[in-house]
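Q: I'd like to learn how to read a structure like this one, feature by feature. Can we look at it together?

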Amino acid sequence: MSTVPKTSEGLMLEIINKGKCVFCGGCIGGCPNRVLGFEGEKPKIVGICQKCETCWHTCPRTFYDYKQMDKEVFKRVRNDNELLGVNIGVYAARSKTKDVLEIAQDGGVATTLLIYAMDKGIIDSAVVSEVQGGVWKGWPSVVSASKELVKSAGTKYTMSPVHIGLQDAVDNQRKSKVGIVAVPCEVQAARKMQYTQKAAYRLGIKTRLIIGLFCMESFGYDDLINFLTSKGVEPKSVTKFSISKGRFIARVEGKEALNIPLEEIKPYARSACNYCTDFTAEHADISVGSVGSPEGWSTVIVRSKKGEQVFKGACDEGYIEFMPIEQVKPGLKSVISLSERKKERAKSYLSA
Ligand SMILES: Cc1cc2nc3c(=O)[nH]c(=O)nc-3n(C[C@H](O)[C@H](O)[C@H](O)COP(=O)(O)OP(=O)(O)OC[C@H]3O[C@@H](n4cnc5c(N)ncnc54)[C@H](O)[C@@H]3O)c2cc1C
């Protein structure tokens, strides 16, 4: 039996000091006593721990039971054919708003779903990732007007600790119906806040819509910037990053400034990502990614009843157009293949 205390001190010993912290911000935002802050991209103890254990129970890396969470979120456990987790439909989809498509990463679906949910009053705010505090540094921002959401479209490939933003939305801005956009580890922390005893329920109960992003890994901020510089690319000049067909691409005003095999940049991925077994954000209401669909479209996995309400509403009301995933190439098999690759990669790290 482990004797590690389930406190901020235990979290430091077992997760943060061992390179397993994803910097989702769950412990920082979740702590009711503001005992955790951060330095660089790592949580740090900045006060006197009251030993409430909220941080430990909120962290996605301390423990996570997929099947138990299936039951909590979807009221059933995934069946054997659901290789991407519980879902009620998979589509290739695209925003019908020109402004969003111009700046979006793929089909602009993540942004457009938030716009729809906010227009309909399903959420009163959204925690998204804006560039803040450095060139291409993603940082959470609370947005309360749907017309402002377009500004935060596009992928920042570093961690943007969404739960620091969620804490701001709930504790400081008194929002009560928050939507979040989150990578899989952040989705896990969000669900723990809702369904795990002693986790940060005060934030979980105010989280009304979870849009998950597919994610194989994210990169350390300084590492990414130094890597680009070493390749002769001025980070400030980059207008878009993307990962496509096993290549990492940086564009400057539409032209490729860097196009390299993903393997070359993998050493700069966060070590914590190696422990992750979730590529498609299996407990989101709706998951969105690029792989599987043609360029300029997003692959969308609708999972929960809430997800269905939002996706269907957005399609019916002309915010989004869609096709069944079976009608596009490369289609679902490429998503399943990456999902399995991520689970396989994690095995050796989890058993060490
Ligand atoms: C670190 C990372 C790695 C990814 N890896 C893959 C991958 O391997 N394969 C794949 O198919 N897809 C991957 N994605 C998802 C993909 O890049 C797109 O985000 C997704 O396809 C949605 O596109 P969209 O046009 O619908 O989103 P948009 O409409 O452009 O909206 C994107 C939303 O994501 C938010 N966001 C941006 N950066 C972050 C961040 N770091 N953390 C949390 N939210 C953020 C934005 O604020 C915005 O709300 C990754 C995303 C991230 C953040």
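Q: Let's start with Gly296: which residues does Gly296 touch, not counting those up to four places away in sequence?
A: Two residues are in contact here if their C-beta atoms, placed from the backbone, lie within 7 Å. By that rule Gly296 touches Arg94, Asp106 and Gly107. Before we go on: this is a predicted model, where local features need pLDDT of at least 70, side-chain atom pairs count only at pLDDT 80 or more, and totals for chains, interfaces and linings use all residues. Residues are numbered from 1 along each chain as its sequence is written.

Q: Where is Gly296 found, and is Gly296 buried, exposed or partly exposed?
A: Helices (H or I, at least four residues) and strands (E, at least two) are DSSP runs, numbered from the N terminus. Gly296 sits in the loop between E11 and strand E12 (298-302). For burial, count other C-beta atoms within 10 Å of the residue's own, again placed from the backbone: 20 or more is buried, 12 or fewer is exposed, and in between is partly exposed. Gly296 has 13 such neighbours, so it counts as partly exposed.

Q: What should I look for in the backbone angles?
A: Most residues other than glycine have a negative phi, and most peptide bonds are trans. Phe23 has a positive phi, near 60°, and is found in the loop between helix H1 (8-16) and helix H2 (26-30). Phe23 is buried because 26 C-beta neighbours lie inside 10 Å. Arg174 also has a positive phi, near 55°, in the loop between helix H7 (162-172) and strand E6 (178-182). With 10 other C-beta atoms within 10 Å, Arg174 is exposed.

Q: Which peptide bond is cis?
A: The one from Lys329 to Pro330, with omega near 5°. Pro330 lies in the loop between strand E13 (320-324) and helix H13 (332-351).

Q: How do I read two helices packed against each other?
A: Two packed helices are described by the angle between their axes and the distance between the axes. The axes are lines fitted to C-alpha atoms, for helices over the stretch in contact, and angles run from 0 to 180 degrees between N-to-C directions. Take H6 and helix H12 (residues 305-316): their axes are 10 Å apart, at an angle of about 90°. That makes H6 roughly perpendicular to H12, a label for angles of 65 to 115 degrees (under 35 is roughly parallel, over 145 roughly antiparallel, the rest oblique). Thr112, Leu113, Tyr116 and Ala117 of H6 meet Val310, Phe311, Gly313 and Ala314 of H12. By class, this contact has six nonpolar, two polar and no charged residues. Ala, Val, Leu, Ile, Met, Phe, Trp, Tyr, Cys and Pro count as nonpolar, Asp, Glu, Lys and Arg as charged, and the others, Gly among them, as polar.

Q: And how do I read a sheet?
A: Strands of a sheet pair through backbone hydrogen bonds, either parallel or antiparallel. Two strands pair if DSSP finds at least two bridges between them. Five bridges join E8 to strand E9 (residues 247-252), and Ser244 stands opposite Arg247 in E9.

Q: How many residues of E6 are buried?
A: Five of the five, so E6 is largely enclosed by the rest of the structure. Val178, Ile180 and Ala182 are on one side, Gly179 and Val181 on the other, and all are buried. E6 pairs in the parallel sense with E4 over three bridges, and with strand E7 (residues 207-213) over five bridges. Val178 is the bridge partner of Ser125, and Ile210 in E7 is that of Ile180.

Q: Which residues come nearest to the ligand?
A: A residue is near a molecule if its C-beta atom, placed from the backbone, lies within 6 Å of it. Of the 33 residues around the ligand, Ala110, Thr111, Val128, Ser129 and Gly289 come nearest. The largest share of the shell, three residues, comes from H6. By class, the shell has 17 nonpolar, 14 polar and two charged residues.
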